[in-house]
Amino acid sequence: MSERKSPLKVIPAVSEDQLVQVLADLLKRCSQEALDRQGKFSVGLSGGSLIQLLTKALKLGSFNTDKWVFFFCDERYVPLDDGESTYGAYKAEWQTHLPGIRETQFVRADPTKSLDDCAAEYEAKVKDQVGCGCLPQFDLLLLGMGPDGHTCSLFPEQPATLQETKRLVIPIRNSPKPPPERITFTLPLINNARDVTFVVTGAGKASVVKRVFVDLDKEFPAAWVNPKQGQLTLIVDGGAGKEIGAL
Ligand SMILES: O=C1O[C@H](COP(=O)(O)O)[C@@H](O)[C@H](O)[C@H]1O
């Protein structure tokens with residue numbers, strides 16, 4: 001157990017519609033603050049169940065996303081048109097549902113490079129485009145969490161990844177969840193963001209939600225997410241929140 005640097009804000013939602021509304025409200029606040037501050041909004045995306053929820057929130061909010069730039073908190077090391085590519089999944093969803101978002105607004109990894117070079121080059125892109133000294137500060141990171149407590153591509157079976165202090169993006173080999181090769185943001189970058197929001201749904205994750213967000217059990221990588229100065233938020237539905245008395 002250890003303390004959080006800033007208090008966790010838990011936002012429960014009784015239905016998917018409400019969860020999408022909560023996410024849209026969060027995007028509105030974070031984007032407005034970022035645009036007022038620096039005229040651009042940097043967002044780190046996760047894959048999995050977040051993709052569809054975020055698409056719905058963006059549609060609901062009818063945002064002007066011209067000055068938004070989308071990065072990937074983790075990415076699978078597969079061709080961009082592979083069904084496992086997180087970029088590919090967002091591209092397909094948004095081409096259909098959010099045609100106003102341009103492909104050039106995605107800062108994507110290059111899987112034609114070696115895995116090590118892919119991670120190193122992505123770190124260079126983050127430093128170049130998010131900037132702010134040697135440790136870039138994202139305006140918002142949207143994170144998911146697996147039933148094993150992994151977040152981004154930081155897995156409980158690979159605890160050494162949680163000890164990384166220098167690199168901001170690292171290669172992952174032998175990921176316990178397929179595909180085996182990935183790249184991922186590391187804790188120094190994650191914990192430097194202004195806003196970090198987990199979106200977790202489904203009763204299958206209820207016990208790990210408690211272990212991570214209430215017990216702060218460091219066995220689970222998600223429990224290491226602890227923004228230094230930023231706000232940590234957990235958006236849960238009734239299933240995922242049922243063991244923390246969120247609803
Ligand atoms: O493999 C991944 O899994 C996590 C969690 O996904 P979910 O479908 O259980 O929400 C996701 O956040 C991560 O980006 C992805 O690469």
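**Chat: cavities and the ligand site**

Mentor: The structure holds three cavities of 30 Å³ or more. This is a predicted model, where local features need pLDDT of at least 70 and side-chain atom pairs count only at pLDDT 80 or more, while totals for chains, interfaces and linings use all residues. Residues are numbered from 1 along each chain as its sequence is written, and side-chain values use heavy atoms, with hydrogens and water left out.

Trainee: What's a cavity here?

Mentor: On a 1 Å grid over the protein atoms alone, a cavity is a set of points where a 1.4 Å probe fits but cannot get out; lining residues have an atom within 4 Å of a point.

Trainee: What volume does the largest cavity have?

Mentor: About 70 Å³, taken as the space filled by probe spheres set on grid points joined across faces, edges and corners.

Trainee: And which residues line the largest cavity?

Mentor: Among them are Glu75, Arg76, Tyr77, Arg108, Cys118 and Ile183. The lining divides into eight nonpolar, one polar and three charged residues.

Trainee: Switching to the ligand: how many residues surround it?

Mentor: 14 residues do, each with a heavy atom within 4 Å. The closest are Gly47, Ser49, Asp74, Lys177 and Lys205.

Trainee: Where do the polar side-chain atoms of Asp74 and Lys177 lie?

Mentor: For Asp74, one lies 2.6 Å from a ligand oxygen atom; for Lys177, one lies 2.9 Å from a ligand oxygen atom. Arg182 has a polar side-chain atom 3.3 Å from an oxygen atom of the ligand.

Trainee: How does the shell around the ligand divide?

Mentor: Into two nonpolar, seven polar and five charged residues.

How values were computed:
Polar contact = N/O pair within 3.5 Å; in protein donor to acceptor, adjacent residues only side chain to side chain. Nonpolar A, V, L, I, M, F, W, Y, C, P; charged D, E, K, R; others polar. 1 Å grid on protein atoms, 1.4 Å probe; cavity = no way out; pocket = protein on both sides within 12 Å on 5 of 7 lines; lining within 4 Å.
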